[in-house]
Amino acid sequence: MPLIEARGLTKVYRLGRVDVPALRGIDLEVHEGEYVAITGPSGSGKSTLMHILGCLDSPTSGSYRLDGRDVSGLRGRALAHVRNRKVGFVFQTFNLMPRMTTDENVALPLQYRGGISRRARLRRARALLERLGLGERIGHRPDELSGGELQRVAVARALIGEPAILLIDEPTGNLDSKAGAEVLKTFREVHDAGNTIVLVTHDPNVAAEAARTIRLVDGEVAA
Ligand SMILES: Nc1ncnc2c1ncn2[C@@H]1O[C@H](COP(=O)(O)OP(=O)(O)OP(=O)(O)O)[C@@H](O)[C@H]1O
Ligand SMILES: [Mg+2]
């Protein structure tokens with residue numbers, strides 16, 4: 001059974017009285033343990049697709065099964081519930097909380113989920129930061145870290161809840177090549193540990209890390 005099974009996904013954004021078709025019928029399967037890259041020109045629908053795959057948004061039509069469950073009809077809290085349990089997100093802009101330390105940032109998704117003491121949450125966050133080679137950055141705030149370190153903290157935050165899938169949108173867009181290489185190495189380690197990754201990128205060198213590449217053009221999968 002595929003982890004991700006999308007059939008005929010469409011997304012139409014409404015801008016005033018104008019309909020903007022962002023996705024025009026996407027079929028996609030991703031199996032457990034895969035590392036897939038999504039590429040395509042600006043405006044081709046990559047982020048829109050990631051938002052739907054990650055249960056941040058729902059499709060206008062089509063079906064989407066995530067880890068065996070049809071989630072295409074879910075909205076609001078029901079969608080957020082699935083997202084909190086199944087999905088880890090990494091964004092181009094890191095999106096860390098500036099006033100919290102690295103370990104507090106990483107522990108945050110566990111707080112949203114509930115049921116784990118603060119002590120236990122922070123213990124897990126620190127262990128994960130150690131595993132990703134960021135032990136020396138525990139207790140520091142984001143403004144004390146380099147771009148590559150910030151992105152790896154964001155990876156730890158995405159992984160802390162043991163999601164079924166890691167969704168990564170343009171992760172190296174704000175990084176120089178050395179920091180980008182560090183982050184890619186972390187993705188490789190995370191993938192080697194058994195995690196499923198879907199990553200959006202403009203950069204052919206980043207896409208080359210993945211075992212399979214899907215190209216979007218005008219909201220469709222290019223042949
Ligand atoms: N919230 C929104 N409201 C209206 N239109 C949107 C919205 N988000 C995206 N769009 C439109 O949908 C289309 C696809 O956008 P999307 O952000 O998915 O592209 P992308 O492939 O991620 O581009 P980029 O490479 O620049 O990040 C574009 O025409 C965009 O203008
Ligand atoms: Mg985008």
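The model is predicted, so local features are reported only at pLDDT of at least 70 and side-chain atom pairs only at pLDDT 80 or more, whereas totals for chains, interfaces and linings use all residues. Residues are numbered from 1 along each chain as its sequence is written, chains are lettered from A and ligands numbered from 1 in the order in which they are written, and side-chain values use heavy atoms, with hydrogens and water left out.

Helices (H or I, at least four residues) and strands (E, at least two) are DSSP runs numbered from the N terminus. Two strands are taken to pair if DSSP finds at least two bridges between them. Strand β1 (residues 4–15) runs antiparallel to strand β4 (residues 61–66), and five bridges join the two. Within this pairing, Ala6 has Tyr64 of β4 as its bridge partner. Strand β4 also pairs with strand β5 (residues 69–70), again in the antiparallel sense, over two bridges. β4 and β5 form a hairpin with two residues between them, and Asp67 in the turn has a positive phi of about 50°.

Gly73 sits in the loop between β5 and α2. Gly73 is exposed, with a relative accessible area of 62%; buried means under 20% relative accessible area, exposed over 50%, and partly exposed in between (1.4 Å probe, protein chains only). Eleven residues separate Gly73 from Gly62 in sequence, and their C-alpha atoms are 9.6 Å apart in space.

Asn95 belongs to the loop between β6 and α3 and is partly exposed, at 39% relative accessible area. Glu170 lies in the loop between β7 (165–169) and α6 (177–192) and is buried, at 10%.

Helix α4 (residues 118–131) has 14 residues and spans 20 Å from its first C-alpha to its last. This is close to the 20 Å expected at 1.5 Å a residue, where the expected span is 1.5 Å times one less than the number of residues. Ala120, Arg121, Leu122, Ala125, Leu128 and Leu129 are the buried residues of α4. They pack against α3 (102–113) and α5 (147–159), contact meaning heavy atoms within 4.5 Å. Just after α4, Gly133 takes a positive phi of about 80°.

A pocket is an open set of points on a 1 Å grid over the protein atoms alone where a 1.4 Å probe fits, with protein on both sides within 12 Å along at least five of seven lines; lining residues have an atom within 4 Å of a point. Grid points are joined across faces, edges and corners, and a volume is the space filled by probe spheres set on the points. The largest pocket has a volume of about 490 Å³. Of its 20 lining residues, Asn84, Val87, Phe89, Pro109 and Tyr112 are the closest to its centre. At least two lining residues come from each of α2 (76–86), β6 (87–90), α3 and α5, and α3 supplies the largest share, five residues.

The second largest pocket holds about 210 Å³ of space. Its lining includes Arg124, Ala127, Leu128 and Arg131, as well as Leu159 and Asn195. The largest share of this lining, four residues, comes from α4.
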